[in-house]
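This report goes through selected helices and residues of the structure shown below.

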Amino acid sequence: MSERIQSNKDIALDFHRRAFVEKDPVSAISAHVGSTYIQHNPQVADGPEGFVGFVKGFHQQFPDFKIEIKRTIADGDLVAIHFCAYLNKEDRGTAGVDIFRIERGKVVEHWDILQPIPEQAANSNGMF
């Protein structure tokens with residue numbers, strides 16, 4: 001793996017950890033986002049302020065939120081983080097993928113995909 005791709009993975013993982021594990025989106029933005037932050041989640045406004053406001057509100061609504069990173073995949077300037085998220089202790093969980101585009105060492109764009117873990121599945125492969 002090239003140094004640049006490893007660096008992109010490290011940036012995305014630290015951004016994700018600060019925002020969702022440490023519950024500190026301001027630190028995540030300060031360390032890893034410049035003036036441009038393009039958001040593709042329709043519930044979140046573009047820009048650093050949109051991200052901070054959404055994440056702070058999310059953590060207030062779900063104070064017991066927990067996330068487990070399962071794998072990270074990087075290809076050039078894109079990094080995908082595959083995770084399981086729990087809103088509270090009773091939650092079955094949600095499988096998710098956050099995709100970040102890194103440009104010149106900064107997170108500049110984000111997409112996400114979320115799928116609740118069902119009680120029953122048509123196969124025995126699991127979601128992770």
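## Packing of helix 2 and helix 3

In this predicted model, helix 2 and helix 3 cross in a right-handed sense. Helix 2 supplies Pro25, Val26 and Ile29 to the contact, and helix 3 supplies Pro48, Phe51, Val52, Val55 and Lys56. By type, seven of the residues in this contact are nonpolar, one is charged and none is polar.

Two packed helices are described by the angle between their axes and by the distance between those axes. For helix 2 and helix 3 the angle is about 155° and the axes are 9 Å apart. Angles over 145 degrees count as roughly antiparallel, and helix 2 and helix 3 are therefore roughly antiparallel to each other.

## Pro25

Pro25 is buried, because its relative accessible area is 2% and the cut-off for burial is under 20%.

Gly50 is one of the buried residues of helix 3.

## Helix 3

Helix 3 runs over residues 47-61, which makes 15 residues. Its first and last C-alpha atoms are 22 Å apart, close to the 21 Å expected at 1.5 Å a residue.

The buried residues in helix 3 are Gly47, Pro48, Gly50, Phe51, Val52, Val55, Phe58 and His59. Helix 1 (3-21) and helix 2 (25-32) are among the elements that cover them.

Helix 1 contains 19 residues. Its span between first and last C-alpha is 26 Å, close to the expected 27 Å at 1.5 Å a residue. Buried in this helix are Ile5, Asn8, Lys9, Ile11, Ala12, Asp14, Phe15, His16, Ala19 and Phe20. These residues pack against helix 2 and helix 3, and also against strand 2, strand 3 (78-86), strand 4 (94-103) and strand 5 (106-116).

With a relative accessible area of 32%, Lys23 is partly exposed.

## Arg104

Another positive phi in a residue other than glycine is that of Arg104, near 50°. Arg104 sits in the loop between strand 4 and strand 5.

Is Arg104 buried or exposed? Arg104 is exposed, because its relative accessible area is 77% and the cut-off for exposed is over 50%.

## Lys70

Lys70 belongs to strand 2, which covers residues 66-75. A relative accessible area of 36% makes Lys70 partly exposed. Not counting residues up to four places away in sequence, Lys70 touches His82, Phe83, Cys84 and Phe128.

How many Å separate the C-alpha atoms of Lys70 and Gly57? The separation is 25 Å, for two residues that are 13 residues apart along the chain.

Notes. Residues are numbered from 1 along each chain as its sequence is written. This is a predicted model: local features need pLDDT of at least 70, side-chain atom pairs count only at pLDDT 80 or more; totals for chains, interfaces and linings use all residues. Side-chain values use heavy atoms; hydrogens and water are left out. Helices (H or I, at least four residues) and strands (E, at least two) are DSSP runs, numbered from the N terminus. The expected span of a helix is 1.5 Å times one less than its number of residues. Buried means under 20% relative accessible area, exposed over 50%, partly exposed in between (1.4 Å probe, protein chains only). Contact means heavy atoms within 4.5 Å. Axes are lines fitted to C-alpha atoms, for helices over the stretch in contact, and angles run from 0 to 180 degrees between N-to-C directions. Angles under 35 degrees count as roughly parallel, over 145 as roughly antiparallel, 65 to 115 as roughly perpendicular and the rest as oblique. A crossing is left-handed if the near helix is turned anticlockwise from the far one by less than a right angle, and right-handed if clockwise. Ala, Val, Leu, Ile, Met, Phe, Trp, Tyr, Cys and Pro count as nonpolar, Asp, Glu, Lys and Arg as charged, and the others, Gly among them, as polar.
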